[in-house]
Amino acid sequence: MQVSDLYAANWKAAVDADDFPEHCPDRRLDVLGVSGEATLTGRLSPDIASEQEKLRWSDAVILQFPMWWFSVPAMLKGWIDRVFTFEFAHRPTVPPPYGAGALAGRRALLSVTIGARESAFSDRGIHGPLTDVLFPIQHGLFWFTGMSPLEPFTVYDSLDVPEERFAAAKRDYGRQLDGLFTEKPVAFRSLVGGDYGHDMPAVAGRGDARDERLGPAPPLSRRSARRRCR
């Protein structure tokens with residue numbers, strides 16, 4: 001196992017020219033193009049290159065974070081922005097995203113602590129279903145790059161956790177980790193599975209209430225999708 005403690009490492013969250021040491025300062029910083037070139041030529045900053053090597057080495061990726069304004073904290077978002085470069089996490093020369101992708105074959109797990117009560121993230125809760133809140137990470141990061149996301153591990157009401165509930169959470173987390181390579185992943189639709197056309201619109205008539213896969217249109221009904229995601 002390899003661990004990246006972003007706070008202990010004082011991780012730099014912002015993408016800038018320092019990420020590409022050989023980029024000429026007189027040139028406009030085209031982040032997509034420059035990051036791709038630096039990735040292919042091995043000229044990324046050492047901190048980014050090190051994190052990419054960890055991802056290449058991995059069989060599974062776990063992101064542990066406190067929910068912050070309904071997303072990941074800025075430092076973790078910066079890790080995603082800087083590490084998942086063009087020509088590493090996505091590129092025309094690998095299978096299409098959403099199912100195949102550059103990081104296919106890996107499992108992915110979100111471990112999230114949340115200050116609010118669980119009922120606030122229910123179907124009728126004020127914050128909406130947790131599956132909706134985490135969709136940009138589960139689908140837009142993990143599934144896009146080919147990783148297979150699992151149902152997230154969550155600890156609600158986490159601002160003041162009594163010792164007994166903390167012990168129970170540790171046991172639950174241990175059981176979830178035991179199933180890291182055996183539990184069935186979240187069933188998202190594949191880009192190449194026939195549900196989407198060439199320009200990625202939904203294909204009419206695909207995906208109905210019997211379709212257990214999740215993802216954007218062609219959608220399940222919202223209510224059907226939420227029942228399956230509990």
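The model is predicted; local features need pLDDT of at least 70, side-chain atom pairs count only at pLDDT 80 or more, and totals for chains, interfaces and linings use all residues. Residues are numbered from 1 along each chain as its sequence is written, and side-chain values use heavy atoms, with hydrogens and water left out.

**Confidence**
- The chain has a mean pLDDT (the predictor's confidence in each residue, from 0 to 100) of 86, and 85% of its residues reach 70 or more.
- Residues 217-230 have pLDDT below 50, and this stretch makes 30 contacts (heavy atoms within 4.5 Å) in the model beyond near neighbours in sequence.
- Where pLDDT is low, the predicted coordinates should not be read in detail.

- Helices (H or I, at least four residues) and strands (E, at least two) are DSSP runs, numbered from the N terminus.
- Strand β1 (residues 60-66) covers V61, L63 and F65 on one face and leaves A60, I62, Q64 and P66 on the uncovered one.
- In a regular strand the side chains alternate between the two faces of the sheet.
- β1 and β2 (residues 107-113) run parallel and are joined by seven bridges; strands pair if DSSP finds at least two bridges between them.
- The bridge partner of P66 in β2 is T113.
- From β1 the chain passes through helix α3 (residues 74-83) to β2 in a right-handed β-α-β crossover, that is, clockwise from the first strand over the helix to the second with the strands pointing away from the viewer.

- D19 lies in the segment before α1 (31-41) and is buried at 1% relative accessibility (buried is under 20% relative accessible area, exposed over 50%, partly exposed in between; 1.4 Å probe, protein chains only).
- Beyond four places in sequence, the contacts of D19 include K12, R43, I48 and R82.
- A network of salt bridges (a side-chain nitrogen of Lys or Arg within 4 Å of a carboxyl oxygen of Asp or Glu) links K12, D16, D19, D47 and R82.
- The closest N and O atoms of K12 and D16 are 3.0 Å apart; K12 is partly exposed at 28%, as is D16 at 26%.

**Salt bridges within helices**
- The count of salt bridges is nine.
- In helix α2 (residues 46-57), E51 and K54 lie three residues apart and form a salt bridge at 3.2 Å; E51 is buried at 7%.
- In helix α6 (residues 163-178), R175 and D172 are three residues apart, about one turn, and their closest N and O atoms are 2.3 Å apart.
- R175 is exposed at 52%, whereas D172 is partly exposed at 37%.
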